[in-house]
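Here are my notes on this model, as promised. Have the structure open while you read, and go through the points in order.

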Amino acid sequence: MVNDNEQILLDDEEMFNKALLDDFIAKGDIDGFREEFLALHSYEQSEYFEVSDDDVRQKMYRFLSPEEVAEFFENLEIDEEDYEALFETMNATYASQVLEQMSYDNAVDILNQLSKKKIASLLMLMNREEAKEIKALLHYDEDTAGGIMTTEYISLTINTPVHEALMRVKDQAPDAETIYVIFVVDEDKKLVGVISLRDLIVAENDAYVEDIMSERVISANVADDQEDVAQTMRDYDFIAMPVVDYQNHLLGIITIDDIVDVMDEEASEDYSRLAGVSDIDSTDDTIFQTALKRLPWLLILTVLGMITASILGSFEETLEKVALLAAFIPIISGMSGNSGTQSLAVSVRNISTGDIKEKSKIKLALRESGSGFLTGITCAISLSFIIMLLYGQPYLALIVGTSLTIAMTVGTTIGSVIPLLINRLGIDPAVASGPFITTINDIVSMLIYFGLATTFMSYLI
């Protein structure tokens with residue numbers, strides 16, 4: 001009997017018959033391999049390629065054309081640092097032909113992972129026109145609209161008759177990333193409208209593109225951040241979005257498959273920062289690489305932790321007089337940190353999804369503070385009852401309960417406000433990571449707890 005995780009692995013393995021493909025490779029049976037391999041979905045082909053060693057990959061290059069390899073290269077999900085090694089083992093001419101057959105934006109994504117020397121050598125071997133298109137895209141920053149757009153789109157001029165437009169769409173379709181959305185430009189290549197394929201098909205043949213196009217076009221500037229573009233496409237439910245320069249010239253389009261990748265990348269990045277690491281650890285990372293990614297935040301948190309230690313040291317006299325106070329330090333600091341982390345998650349999510357607007361920021365902070373107060377006072381009453389039951393000390397119960405209520409209220413307020421402030425400064429709010437918020441709340445909660453305990457010391461002794 002297998003458990004759930006083992007069942008998932010078995011299901012994944014059944015996507016393709018690896019043993020059969022390996023057998024064809026080992027025997028040099030080109031026809032058998034091609035028949036079995038090309039019948040797979042491109043995603044399954046990429047999965048087989050990823051789990052194969054270099055020897056098998058070399059034979060795959062001999063068995064498959066550059067165009068066939070390009071089909072599954074679009075789906076590769078390997079670590080960025082592994083692309084350089086991958087292209088080192090591939091014949092340069094063959095590699096350039098593979099990149100030529102890929103959509104421009106995906107080819108650029110791969111080239112951005114390679115050294116400048118390798119990029120230059122591959123571009124030199126490409127067809128001049130293909131190389132020109134790819135070079136143009138390489139100039140844009142990876143995280144901008146220009147960095148994720150493709151120049152393979154369908155466009156029509158504003159004065160084109162419908163019957164002629166249909167022919168032009170048919171001519172451009174084989175090289176276009178999508179045919180369902182058609183963009184309209186004027187004589188100066190400026191974006192002026194958009195047409196759906198359906199509208200074009202059902203239009204009268206003697207009509208003109210200008211008559212059936214929609215003039216209200218939502219576009220992205222080439223320098224816009226990819227996260228903002230993804231947010232816009234999600235809000236408007238677009239399958240493609242035009243990218244323009246500062247003079248509104250149409251430069252390219254961004255398709256929904258690119259946006260899915262952006263959302264996955266941004267979610268992974270935010271998760272890393274919330275966890276207090278520079279990047280999600282790869283399963284292939286060495287011990288040194290893993291430690292190096294986690295060390296920066298841990299060093300910062302160590303320094304901040306010293307502040308907490310200093311606070312405890314300054315209240316040493318209070319602890320000596322009432323040693324029982326130390327027993328509740330983990331509860332107060334832990335609950336403050338936990339409530340702050342919950343509030344942080346809500347705040348970061350609302351910012352990243354665009355659900356929070358300028359006017360609702362104060363409302364969010366007040367709501368989180370109110371929630372912190374209600375949960376704090378509920379937990380405080382429960383804890384005070386336990387203290388009375390176990391120790392029979394009403395003043396200790398009152399101090400601990402009050403401290404817990406204030407600490408949790410302040411903790412949720414900090415957890416919601418800090419990301420808003422950081423976002424206002426133009427910094428990704430995810431950098432206000434869980435460990436960071438927890439440490440800050442530890443400092444605040446200890447000041448509150450021992451401040452109250454010291455103030456009312458005469459009632460405790």
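**Notes on the model**

1. Let's start with strand 5, which is covered on both faces: Ala240, Pro242 and Val244 are buried on one side, and Met241 and Val243 are buried on the other. Keep in mind that this is a predicted model.

2. Next, the neighbours of strand 5. Strand 4 (residues 220-221) runs parallel to strand 5 and is joined to it by 2 bridges. Strand 6 (residues 250-255) pairs with strand 5 in the antiparallel sense, over 5 bridges.

3. What sits in the turn between strand 5 and strand 6? The two strands form a hairpin with 5 residues between them, and Asn248 is in the turn. Asn248 has a positive phi of about 70°, although it is not a glycine. Its relative accessibility is 30%, so Asn248 counts as partly exposed.

4. Now compare that with the other hairpin I looked at. Strand 2 (residues 181-185) and strand 3 (residues 191-196) pair in the antiparallel sense over 5 bridges, and Phe183 has Val194 as its bridge partner in strand 3. This hairpin has 5 residues between its strands. Lys189 lies in the loop, and its phi is near 70°, a positive value in a residue other than glycine. With 55% relative accessibility, Lys189 counts as exposed.

5. The aromatics deserve a look of their own. Searching the whole structure turns up 15 aromatic pairs. Take Phe72 and Phe73: their ring centres are 5.6 Å apart and their planes are at 65°, so this pair is edge-to-face. Both of these residues, Phe72 and Phe73, are buried.

6. Phe72 and Phe73 also belong to a cluster linked by ring pairs, together with Phe33, Phe37, Tyr48, Phe49, Tyr61, Phe63, Phe87 and Tyr94. One member, Phe49, has Arg57 lying over its ring face, 4.4 Å from the ring centre.

7. Is helix 9 enclosed or open? In this helix (residues 104-111), 7 of the 8 residues are buried, so helix 9 is largely enclosed by the rest of the structure. The buried residues are Tyr104, Asp105, Asn106, Ala107, Val108, Ile110 and Leu111.

8. One spot in helix 21 (residues 360-391) is worth a quick check, and that is Ser382. Ser382 has 42% relative accessibility, so it counts as partly exposed. Gly401 is 19 residues away from Ser382 in sequence, and their C-alpha atoms are 8.6 Å apart in space.

9. Finally, some totals for the chain. There are 24 helices and 6 strands, and 43% of the 461 residues are buried. Among contacts with a separation of 6 or more, 67% come from residues 24 or more positions apart. The accessible surface of the chain is about 24,900 Å², and 56% of that belongs to carbon and sulfur atoms.

Notes: Residues are numbered from 1 along each chain as its sequence is written. This is a predicted model: local features need pLDDT of at least 70, side-chain atom pairs count only at pLDDT 80 or more; totals for chains, interfaces and linings use all residues. Side-chain values use heavy atoms; hydrogens and water are left out. Rings of Phe, Tyr and Trp (its six-membered ring) pair if their centres lie within 6.5 Å; planes under 30 degrees apart count as stacked, over 60 as edge-to-face and the rest as tilted. Buried means under 20% relative accessible area, exposed over 50%, partly exposed in between (1.4 Å probe, protein chains only). A charge sits over a ring if NZ of Lys or CZ of Arg is within 6 Å of the ring centre and within 35 degrees of the ring normal. Helices (H or I, at least four residues) and strands (E, at least two) are DSSP runs, numbered from the N terminus. Two strands pair if DSSP finds at least two bridges between them. Contact means heavy atoms within 4.5 Å. Accessible areas come from the Shrake-Rupley method with a 1.4 Å probe; for residues, only the protein chains shown count as cover.
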